[in-house]
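Here is a short briefing for a reader meeting this structure for the first time. Please look over the sequence and the model before reading on.

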Amino acid sequence: MVLVLASRSPRRQEILRRAGIAFIVRPADVDETPIEREDPTEHVRRLALEKAMAVECAESETVLGADTVVVAGGEILGKPSDAADAARMLRVLSGRDHQVLTGICLRTNRRQIVDVEATRVWFRPLNDGDIRAYIATGEPMDKAGAYAIQGLASKFIPRIEGCFFNVVGLPVAKVAAHLEDLSK
């Protein structure tokens, strides 16, 4: 079976590469806007399924669609629209815990598996200088919740509970387990 990643995400590609999972990229073009009052878990499940269904799947292929969001106080924090939005998100995360949810969908022509991974992340309190300096690096701009746990934001995160790779963008152990199930 050939794994098709329905994503342009360099982080997802790197996670799969480092885990030794061979894949090809066939990006999905899906509107990621949340539906009004959509539950965050259902949101990532829906988008993962839509992404997996949006790309072609040949007989010998398994398509992987995924979507990651940060949820704080019931609010979905996607990718920031600009520096002011990134600052707003970082203020929301400052000094508290939040959840990172990633929906995954693996599908073949015969079967599909949709699942969600949740990881709890704690941020230390951030002052305005921390936030300004971090935004100035540019790192927050294409990340859900406006931070990269594997990068410069690592110094803000004293603790996580759950899968580290989920916070980066793909719960690779869960993906590998489901790929094994699909191969049976």
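Which element supplies the largest share of the lining of the largest pocket? The answer is E3, with five residues. Keep in mind that this is a predicted model.

**The largest pocket**

- The largest pocket holds about 590 Å³ of space.
- Its lining is made up of 34 residues.
- Nearest the centre of the largest pocket lie Arg-12, Glu-32, Lys-51, Asp-67 and Lys-79.
- Four elements each give at least two residues to this lining: H1, helix H2 (40–53), E3 and helix H5 (164–168).
- Sorted by class, the lining of the largest pocket has 17 nonpolar residues, 10 charged ones and seven polar ones.

- Strand E1 (residues 2–5) pairs with strand E3 (residues 61–72).
- The pairing of E1 with E3 is parallel and has four bridges.
- Within this pairing, Leu-3 is opposite Thr-62 of E3.
- E1 is also joined to strand E2 (residues 24–25), by two bridges, and these strands run parallel.
- Here Val-4 has Ile-24 in E2 as its bridge partner.
- In a regular strand, side chains alternate between the two faces of the sheet.
- A right-handed β-α-β unit is formed by E1, helix H1 (residues 10–18) and E2.
- H1 also takes part in the lining of the largest pocket, with at least two residues.

**Cysteines**

- How many disulfides does a search of the whole structure find? The search finds zero.
- Cys-57 is in no disulfide, and its nearest cysteine sulfur, that of Cys-105, lies 9.9 Å away.
- Is Cys-57 buried or exposed? Cys-57 is buried, because its relative accessible area is 11% and the cut-off for buried is under 20%.
- Cys-163 counts as buried too, because its relative accessibility is 17%.

- Arg-37 is not a glycine, yet its phi is positive, at about 60 degrees.
- Arg-37 sits in the loop between E2 and H2.
- Arg-37 counts as exposed because its relative accessibility is 77%, and exposed means over 50%.
- Ala-146 is another residue other than glycine with a positive phi, near 65 degrees.
- Where does Ala-146 lie? Ala-146 is in the loop between helix H4 (128–136) and strand E7 (159–161).
- Ala-146 counts as buried, because its relative accessibility is 0%.

- Phe-164 is part of helix H5.
- With a relative accessible area of 32%, Phe-164 is partly exposed.
- Along the chain, Phe-164 and Arg-120 are 44 residues apart.
- The C-alpha atoms of Phe-164 and Arg-120 are separated by 9.6 Å.
- H5, the helix that holds Phe-164, is one of the elements that supply at least two residues to the lining of the largest pocket.

Note on methods
Residues are numbered from 1 along each chain as its sequence is written. This is a predicted model: local features need pLDDT of at least 70, side-chain atom pairs count only at pLDDT 80 or more; totals for chains, interfaces and linings use all residues. Side-chain values use heavy atoms; hydrogens and water are left out. A disulfide is a pair of cysteine sulfur atoms within 2.5 Å. Buried means under 20% relative accessible area, exposed over 50%, partly exposed in between (1.4 Å probe, protein chains only). Two strands pair if DSSP finds at least two bridges between them. A crossover is right-handed if, with the strands pointing away from the viewer, the path from the first strand over the helix to the second runs clockwise. On a 1 Å grid over the protein atoms alone, a cavity is a set of points where a 1.4 Å probe fits but cannot get out, and a pocket is an open set with protein on both sides within 12 Å along at least five of seven lines; lining residues have an atom within 4 Å of a point. Grid points are joined across faces, edges and corners, and a volume is the space filled by probe spheres set on the points. Ala, Val, Leu, Ile, Met, Phe, Trp, Tyr, Cys and Pro count as nonpolar, Asp, Glu, Lys and Arg as charged, and the others, Gly among them, as polar.
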